[in-house]
Amino acid sequence: KSNFMVYEPIIRSEFQDVYPLSLSQKRIYILDSLVSNNDGIIKSSVTPYNISYAFTVYGELEVDKLQEACQELVNRHDVLRTRFSFLNEEPVQIVIDRVKMEMAVLSANNGDEQALQEILRDFIHPFDLKKPPLIRIGLISFNASKHILVFDMHHIISDGFSLRIIFQDLLSIYSGDTMYP
């Protein structure tokens, strides 16, 4: 008996204009609607469905190259270009062909803990599920060799496990590694 697991590759489904939501996505969509109006206007600054994570990065970064890697990441993952809407009184997800991803570049020159907390508080805020991308990536620089890379994603498109994959893909794209479909 082998200790190795064999995994079957995931076969890409045919592209559709509209996809149904999973049961957990429907639950999140309905609960999220309690903090936003039907027209997408956010009623609250509460972010119960944001998944945020920060990584400390040491060494020099090429900010333009990182921005390009963020855009390639969004191009690569359909879920990062997905918006949510209603069709025939049912919530649905719609993958948008092209979505512009702007990485926020922020400065924390003084390295003050209170200033950093304020930057993070401003960065992490509710998403409008009708407007992709439902991910934010920010780079907070303390100096040329110390940075914090911040991810903020809506839980309707990700979980803790997928956030790790997204982060690893961003690093691979930035490093110029060969990426497979």
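Q: What is the accessible surface of the chain, and what share of it belongs to carbon and sulfur atoms?
A: In this predicted model, the accessible surface of the chain comes to about 11,600 Å², and carbon and sulfur atoms hold 53% of that area.

Q: How many helices and strands does the chain have, and in which order do they run?
A: The secondary structure comes to 4 helices and 7 strands, and from the N terminus the elements follow the order β-α-β-α-β-β-β-α-β-β-α. The C-alpha atoms occupy a box of roughly 55 × 50 × 35 Å along the principal axes, and 40% of the 181 residues count as buried.

Q: What share of the contacts with a separation of 6 or more joins residues 24 or more positions apart?
A: Such pairs account for 69% of those contacts in the chain, where a contact stands for heavy atoms within 4.5 Å.

Q: How do you know that the span of helix H4 agrees with its number of residues?
A: Helix H4 covers residues 160–175, and because 16 residues at 1.5 Å a residue should span 22 Å, the 23 Å between its end C-alpha atoms agrees with the expectation.

Q: What is found at the start of H4, and what follows the helix?
A: At its start, a side-chain oxygen of Asp159 reaches to within 3.1 Å of the backbone nitrogen of Phe161, while H4 is followed by Gly176, which has a positive phi near 80 degrees.

Q: Which residues of H4 are buried, and what covers them?
A: The buried residues of H4 include Leu163, Ile166, Phe167, Leu170 and Ile173, and also Asp169 and Tyr174. Their cover includes strand S2 (50–58), helix H2 (63–76), strand S6 (135–143) and strand S7 (146–154).

Q: What span does H2 reach, and what covers its buried residues?
A: H2 has 14 residues and reaches 20 Å from its first C-alpha to its last, close to the 20 Å expected at 1.5 Å a residue. Among its buried residues are Leu66, Ala69, Cys70, Leu73 and Val74, and the cover of the buried residues includes S6, S7 and H4.

Q: Why is Ser85 called buried?
A: Ser85 has a relative accessibility of 18%, and because buried means under 20%, Ser85 counts as buried. Ser85 is placed in strand S3, and, leaving aside neighbours within four places in sequence, it is in contact with Tyr29, Glu90, Pro91, Val92 and Ile94.

Q: Why do Asn88 and Glu89 count as exposed?
A: Exposed means over 50% relative accessible area, so Asn88, at 69% relative accessibility, counts as exposed, and Glu89, with a relative accessible area of 73%, is exposed as well. Asn88 lies in the loop between strand S3 (82–87) and strand S4 (90–95), and Glu89 lies in the loop between S3 and S4 too.

Q: Where does the chain have a cis peptide bond, from Pro132 to which residue?
A: The peptide bond from Pro132 to Pro133 is cis, with omega near 5 degrees, whereas most peptide bonds are trans. Pro133 is placed in the loop between helix H3 (113–123) and S6.

Definitions and conventions: Residues numbered from 1 in each chain as written. Predicted model: local features only at pLDDT ≥ 70, side-chain atom pairs only at ≥ 80, totals over all residues. Heavy atoms only, no water. Helix = DSSP H or I, 4+ residues; strand = E, 2+ residues; numbered from the N terminus. Buried < 20%, exposed > 50% of the residue type's maximum accessible area, 1.4 Å probe, protein only. Areas by Shrake-Rupley, 256 points an atom, 1.4 Å probe, with all protein chains shown as cover. Expected span 1.5 Å × (residues − 1). Polar contact = N/O pair within 3.5 Å; in protein donor to acceptor, adjacent residues only side chain to side chain.
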